[in-house]
Amino acid sequence: MRKETKIFLLLSGVAFLSFKSITGPELFSVPTNFPRPTYHFDSNPLSRAGVELGKTLFYDSIISSDNTVSCGSCHQQSAGFTQHGHVLSHGVNDQLTKRNSMPLFNLAWSGSFGWDGGVHDLDFFAVSPITNPVEMNESLANVLEKLRSSPQYPALFKSAFGTEEINTERFLKALSQFMLTMVSANSRYDHYMRYEGIEFTKTELEGMELFKKKCASCHSGELFTDFSFRNNGLTHLTENDFGQFEVNQNENDKFKFKVPSLRNLSYTAPYMHDGRFTTLEEVLEHYDSKVEKTDFLDKALNKDGRLGIALTPDEKQKIMVFLKTLDDEDFVKNPIFSEGSLLNPILAKNINDDLMNFKITDKTQRELLNQCVESYLKIKSAIQANKSKVAGNEAKKLMKVLAKMNIQEVSQKEFFRKYQDKLFFDAEHIFEGEQSTDHQLDHFKDLSDHLYILIASFKAYEQTLYFNQCQESAMDWLSDIPTDLFVVKNCKEIQTKILTK
Amino acid sequence: MKKIIFILLCAVSLANAQKTGSISIHFDHVIGNEPLVLNDKKYKNADGDEFKVSLFQYFISNIRLIRKDGSTYVMPQDQSYFLIRESNKGSKTITLANIPKGKFTAISFLIGIDSARNASEIGQRKGCLDVAGEAKDMYWAWNSGYIFVKMEGTSIQSTAKNNIFMYHIGLFGGIGNKKTLNNIRYATIDFGGETLRVKDNKFVPVITIKTDASRLLNGDTNVEIAKNPTVMGGPFSAKIAENYKTMFSFAGLDKLTTDIDKNRKALGMN
């Protein structure tokens with residue numbers, strides 16, 4: 001009897017120790033109000049260098065076929081690691097994904113990944129966006145080849161794994177290491193639950209009670225999901241996306257999607273697998289009155305002869321107040337997860353490699369291109385002044401000018417069209433993002449780069465222009481004055497190239 | 001405790017004393033009675049559809065050798081994964097080493113990849129299981145799992161774009177929350193009264209196994225290419241797996257060859 005207990009103690013001691021030692025508290029620790037994570041840390045122990053490598057890979061567009069898209073393009077920190085203001089995400093050549101990008105946090109507790117749960121282990125997830133023609137359209141073998149011949153990566157792999165070898169396992173494990181460190185557990189709710197000196201207001205408490213009664217059967221526990229797949233009655237779902245059925249072909253699982261966490265909702269809009277709702281009001285309205293009765297609908301949403309979840313306006317208000325307590329500002333602002341915190345900044349592709357030596361002969365086209373520059377400068381001042389609406393309007397004008405442009409010379413036509421399309425796309429997003437300067441900024445660097453490439457390739461400037469680049473803040477912009485600071489923060493060095501007539 | 005140590009020592013000394021040898025297996029790909037020739041040759045299935053094959057490849061794994069008395073030698077799992085491709089001559093002859101000396105009358109293996117390895121961590125997926133390397137066209141990334149058997153080609157009867165057909169058969173039963181079809185099948189191939197003698201490494205016998213790719217299309221379910229030009233994850237995949245589980249048959253045992261390199265040369269390898 002005593003022997004048995006001893007052995008048991010010994011065994012559990014070993015298990016405990018191994019768990020502790022592999023995950024140094026600085027890199028990953030389990031918040032006291034959370035359950036035990038499910039990720040297999042024993043076969044991929046986190047190390048400082050491993051996480052650093054993972055972070056570099058996450059933000060490096062070298063892993064997409066045209067070197068323009070990184071994991072970080074669709075998973076942005078300020079948006080809870082989903083994509084700002086995009087219903088569906090866009091990848092290379094600006095093609096749209098079928099689904100809304102997912103927020104990334106607390107992944108160590110998840111046992112299946114993707115809206116349909118098609119991937120069982122976080123380590124394997126990255127294969128899917130990289131090889132998906134719509135997302136990054138690259139073969140993983142090719143990515144590894146690019147990494148091997150880069151001046152930067154062999155050394156990073158060496159510090160993370162002991163040798164310079166770059167292989168599938170190391171690549172995927174490093175990405176996981178970084179993603180595993182993204183723990184979001186510092187919301188008001190967490191502080192309240194951990195008795196860290198935060199009291200809930202009366203409304204917040206009432207909201208929490210209502211939430212527990214009405215929502216927590218699916219959005220359960222500290223992670224606010226029971227990790228199951230269900231149909232929550234969204235209307236008009238089509239064969240375009242069958243959800244879990246796509247991976248298991250089980251008729252009973254048609255139109256079932258992962259129950260998502262409800263943390264950080266203030267940053268992660270739009271909502272649902274297809275991004276159909278932009279506000280939480282719409283979400284609650286859906287549960288209260290818009291739930292569609294189908295064969296697939298979860299039973300919890302069709303109880304006692306009532307479809308959906310009855311919610312009075314007052315109850316909706318209180319639930320919203322409670323949901324706000326799940327916002328973790330610390331997480332979305334923590335510099336440790338940002339590209340800016342990389343010890344070795346990602347070697348940027350030299351934009352000048354894309355320049356051509358062309359000339360616009362047609363006078364009208366030349367004028368139109370200069371009108372684009374004027375529009376651009378107006379957009380820039382508006383964004384700088386936080387006037388997102390004005391910036392949106394100017395972007396609309398830019399789109400109109402772009403639509404009129406047309407280059408005839410055969411050798412230059414295709415090049416021009418390519419950047420014309422890109423600029424149109426950037427402008428469109430600044431126009432559509434007229435609600436949020438943040439979203440506009442997401443597209444502003446691309447807008448600047450593409451315009452610079454056109455202007456510099458065709459040497460079409462009537463006035464002196466300056467092209468400014470700041471590595472630390474990953475921002476590029478054009479200006480008509482020499483030392484223009486634009487919106488860049490913490491910039492140690494701005495590189496400026498002068499374009500003179 | 002003492003007893004355990006004793007047994008352990010015995011096991012070790014036994015293994016040391018036991019001599020081992022190697023064998024080769026050569027896979028000969030055919031369509032019915034004709035050799036499989038990629039792209040150029042036209043064939044007919046049981047349904048009467050005409051077709052050409054552009055790609056044919058499959059995994060075998062978890063190999064076992066069966067003795068006359070019915071006892072079995074199970075190969076160490078890590079060394080028992082093979083990806084056989086029609087387009088890669090070298091892959092069609094595999095060598096199994098460290099087989100205990102003895103007489104064997106049959107072989108069995110799994111067609112595809114077992115569920116444990118389909119669910120295993122990335123660190124256990126080396127060589128032909130590397131999802132970014134050798135296995136990159138035999139792995140579904142969005143629905144994580146290996147493709148077991150893959151055949152592609154064209155057929156006038158196909159209703160798909162460019163008259164292509166594609167049969168990508170995988171699915172291992174799923175993990176945790178995700179339950180899927182289980183298309184794992186086994187094959188047992190009897191050497192038809194002949195005996196495979198494993199002696200040592202100098203004398204390497206070669207078993208030739210015929211793989212009849214037409215069995216994907218013909219069998220309990222005769223596949224009409226017009227109706228099912230592409231089969232991947234759907235329920236019909238189980239019918240194809242049920243068909244192809246009979247695609248392997250014994251085609252001969254070569255006893256004369258004396259080393260692996262010569263074997264390969266004799267078979268036109270290298």
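**First stop: a helix pair in chain A**

Select helix α13 (residues 280-290) and helix α14 (residues 313-324) of chain A, which pack at an angle of about 130 degrees with their axes 11 Å apart. Helices here (H or I, at least four residues) and strands (E, at least two) are DSSP runs, numbered from the N terminus. Axes are lines fitted to C-alpha atoms, for helices over the stretch in contact, and angles run from 0 to 180 degrees between N-to-C directions.

The model is predicted: local features need pLDDT of at least 70, side-chain atom pairs count only at pLDDT 80 or more, and totals for chains, interfaces and linings use all residues. Residues are numbered from 1 along each chain as its sequence is written, chains are lettered from A and ligands numbered from 1 in the order in which they are written, and side-chain values use heavy atoms, with hydrogens and water left out.

The two helices α13(A) and α14(A) are therefore oblique to each other; angles under 35 degrees count as roughly parallel, over 145 as roughly antiparallel, 65 to 115 as roughly perpendicular and the rest as oblique. The crossing of α13(A) and α14(A) is right-handed. A crossing is left-handed if the near helix is turned anticlockwise from the far one by less than a right angle, and right-handed if clockwise.

Now display the side chains. From α13(A), A:L280, A:E281, A:L284, A:E285 and A:D288 meet A:K316, A:I319, A:M320 and A:L323 of α14(A), where contact means heavy atoms within 4.5 Å. The residues of this contact comprise 5 nonpolar, no polar and 4 charged. Ala, Val, Leu, Ile, Met, Phe, Trp, Tyr, Cys and Pro count as nonpolar, Asp, Glu, Lys and Arg as charged, and the others, Gly among them, as polar.

**Second stop: α16 and α17 of chain A**

Select helix α16 (residues 363-384) and helix α17 (residues 388-404) of chain A, whose axes come within 8 Å and cross at roughly 165 degrees. That makes α16(A) roughly antiparallel to α17(A). The crossing of α16(A) and α17(A) is left-handed. Residues in the contact include A:L368, A:C372 and A:I379 of α16(A) and A:V390, A:L398 and A:V401 of α17(A). The contact of α16(A) with α17(A) divides into 11 nonpolar, 3 polar and 4 charged residues.

Move to A:P35, in the loop between α1 (2-22) and α2 (48-59) of chain A. Is A:P35 buried, partly exposed or exposed? With a relative accessible area of 41%, A:P35 is partly exposed; buried means under 20%, exposed over 50%, and partly exposed in between (1.4 Å probe, protein chains only). Leaving aside neighbours within four places in sequence, A:P35 is in contact with A:V30, A:W109 and A:L223. A:P35 and A:E222 are 187 residues apart in sequence and 7.8 Å apart in space, C-alpha to C-alpha.

The structure holds 0 disulfides over all chains, a disulfide being a pair of cysteine sulfur atoms within 2.5 Å. For A:C71, which is in no disulfide, the nearest cysteine sulfur is that of A:C74, 8.8 Å away. A:C71 counts as buried, at 15% relative accessibility.

**Last stop: chain B**

Colour chain B by secondary structure to show 4 helices and 18 strands. Finish at B:D78, in the loop between β5 (72-74) and β6 (82-85) of chain B. At 62% relative accessibility, B:D78 counts as exposed.
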